[in-house]
Structures are given as structure tokens and as C-alpha cells.
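Open your viewer and switch to a cartoon view.

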Amino acid sequence: MREFRIGLPVEREEDLRLLRGRGRYADDVNAARQTRAFVLRSPHAHARIRAIDPEAARAAPSVLCVLTGEDVVRENLSGIPCVSFPKQAPGSRAHCPDQPILVAAKVRHVGDRVALVVAETLAQAKDAAERIDIDYEVLPAVTLADAAQPGAARVWDEADSNVSFELEVGDRHEVDEQFATAFHSTKIRVHYPRASANSIEPRAALAHPFATDGRFTLYSSTQGPFRVREVVSGILGMPELDLRVVAMDVGGAFGMKGQTYPEEVLVAWAAAKLERPVKWTAERS
């Protein structure tokens with residue numbers, strides 16, 4: 001019998017299968033009567049949506065469903081909550097908004113999700129998305145350092161500023177006294193650049209409803225299936241045990257796929273309406 005104890009190396013069991021091309025990723029999963037979803041995204045970094053008209057898209061060939069932020073508001077669906085916001089001291093100013101699954105009033109970054117189109121094929125969904133008529137009022141946008149300048153355009157109208165939170169640890173007065181009496185002190189300014197994970201496998205999700213018992217299976221390229229189950233079921237108002245989340249092989253993530261994303265909610269929402277499987281796969285653009 002092999003010995004097991006802390007400190008011993010753990011042999012990997014998946015390498016041979018993956019090296020032989022036998023990995024199974026979320027996009028590899030398909031279902032009978034499967035439909036395809038496409039997310040229409042904002043071309044603007046900051047803009048108000050004056051009006052959106054999806055009717056031409058709904059009338060396009062083989063289109064099964066078009067959902068917008070107006071549908072989110074009508075059905076009173078919440079956004080995705082932040083699960084890792086740092087604890088703030090009493091009285092401190094902080095702003096921790098939910099992430100909308102579809103934007104109803106204002107887009108806040110290029111690629112913000114505006115509409116979901118579901119059709120029999122992905123090409124048909126993409127073609128229909130081009131028919132959605134959106135009237136944007138383009139607003140001034142901020143990037144990084146300019147977001148903290150006086151008079152900068154606010155990303156979230158209800159926030160006091162573009163600062164989400166501030167952290168201070170330790171005794172400020174004691175630290176000031178130590179530096180004031182130090183023989184030598186050095187100052188350094190650190191600029192941390194923007195960074196983003198870019199995994200080999202793009203994100204993907206397939207929601208599969210079962211007519212026999214009304215339960216769902218959600219296949220996803222997630223690293224955290226239990227968190228996805230909790231968040232998606234909570235937003236859609238369904239019992240958590242009625243949603244089964246299957247985490248497939250993950251082709252790169254570095255923590256990026258440990259979050260819950262709007263597309264995971266959107267495919268489950270659309271699948272419930274259509275009573276058919278709905279699949280979405282991200283693209284490099």
C-alpha cells in the first residue's frame with residue numbers, strides 16, 4: 001500500500017489523457033436540440049442607452065429569443081454580486097455595485113453586455129444581432145489615472161467618485177512618528193499596470209434544461225462550480241439544488257475562471273424560457 005503523508009509529492013492523473021488530446025472542455029459538450037447564443041456588446045467605453053429596439057432581430061430567420069436590459073428590469077433580476085470586496089472600516093466611503101447581466105441604462109466599458117440573441121445557429125444569431133437598433137448617447141470616458149482627477153466623469157452615477165474603496169492597515173500616527181525620527185528614509189512610488197488573464201481556452205457555457213423534473217445542468221469552463229451554482233440560482237430565483245453545475249477540463253485560467261460571469265446566467269435564463277439547451281462560447285474579440 002502506498003504511503004500518504006503531508007509533504008509527499010502528489011502524482012498527477014490527468015496528464016496522459018490531456019497529452020493524448022482526450023481533454024473534454026465546455027465547448028466540446030453538445031446537446032440534442034441545442035441552440036446558440038451571441039452576446040451583443042457595446043462599442044463605447046461610456047454611453048447612455050437612449051433607446052433600444054430589438055424587434056427586427058426577433059423577426060430574423062431562425063431567431064428564438066432576444067433579451068435586453070429592459071427584460072432584466074421587467075423580470076426584476078439582480079446583478080452578479082462581488083464576493084471578495086474588502087471589509088471596510090465603519091464610516092468609510094466605498095461603492096460595491098453588482099455587475100449587470102445585461103445593461104439597461106448605461107454602458108461602462110467597451111464590450112459591456114447589451115443584448116443576448118439566441119438562434120438555431122451561431123451565424124444566424126450574429127446576423128440578427130446586427131439588426132438591433134441602439135441609440136447611444138456617448139459620454140466622456142476615463143481610463144486610469146484620470147479617473148481620480150477632480151471633475152472626472154463618474155462610471156457609476158450613484159457613487160461619490162470613481163474610487164471603489166481605500167485600504168489603510170496599521171496605526172498611521174505611530175508610523176508617522178517612526179519615519180519622522182528615522183536616520184534615513186526612502187520614498188518609492190509604485191505604478192501597477194492593468195493586467196488581464198488570456199487563457200488558451202476561452203470561456204464557454206451550456207445550459208441544459210430537463211423537462212422531466214424541471215432541473216438544469218450548466219456545463220461551464222469554471223474553476224468554481226459551487227459559487228456559480230449559488231449565484232446563478234440566486235439571480236434566477238430557483239432552488240440551488242435544481243441547478244447542477246459541471247466543471248469541465250479548464251484550459252488555462254489563473255483565477256480568471258473562478259468568478260461567475262453574466263453569460264452563465266444568460267444561457268440558463270434563456271434555456272428556461274425556450275425549454276431547450278442554449279450554448280455560448282467566447283471569441284477572441
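This tour of a predicted model goes strand by strand.

**Stop 1: strand S7.** Select residues 204-209. This is S7, and 6 of its 6 residues are buried. Now show the side chains. Which residues point one way from S7, and which the other way? Ala-204, Leu-206 and His-208 take one direction, while Ala-205, Ala-207 and Pro-209 take the other. In a regular strand, side chains alternate between the two faces of the sheet. Both sets in S7 are buried.

**Stop 2: strand S10.** Click Leu-206, then look across to Lys-279 in S10, which stands opposite.

**Stop 3: strand S8.** Select residues 216-220. S8 is also antiparallel to S7, with 5 bridges between them. Find two pairs here. Ala-205 has Ser-220 as its bridge partner, and Pro-209 stands opposite Phe-216. Next, follow the chain from S7 to S8. The two form a hairpin with 6 residues between them. Stop at Gly-214 in the turn: its phi is positive, about 75 degrees.

Stop 4: Zoom out. How many strands form the open sheet? There are 7, in the order S3-S5-S1-S10-S7-S8-S9, with mixed pairing. S3 (63-68) and S9 (243-247) stand at the edges; each has a single partner strand, so one side of each lacks a neighbour in the sheet. From one strand to the next, the twist averages 20 degrees.

**Stop 5: helix H4.** Select residues 122-129. H4 lies across S1 (35-41), S3 and S5 (113-119). The helix runs at about 30 degrees to S1.

Notes: Residues numbered from 1 in each chain as written. Predicted model: local features only at pLDDT ≥ 70, side-chain atom pairs only at ≥ 80, totals over all residues. Heavy atoms only, no water. Buried < 20%, exposed > 50% of the residue type's maximum accessible area, 1.4 Å probe, protein only. Helix = DSSP H or I, 4+ residues; strand = E, 2+ residues; numbered from the N terminus. Pairing = 2+ DSSP bridges. Axes fitted to C-alpha atoms, helices over the stretch in contact; angles between N-to-C directions. Contact = heavy atoms within 4.5 Å.
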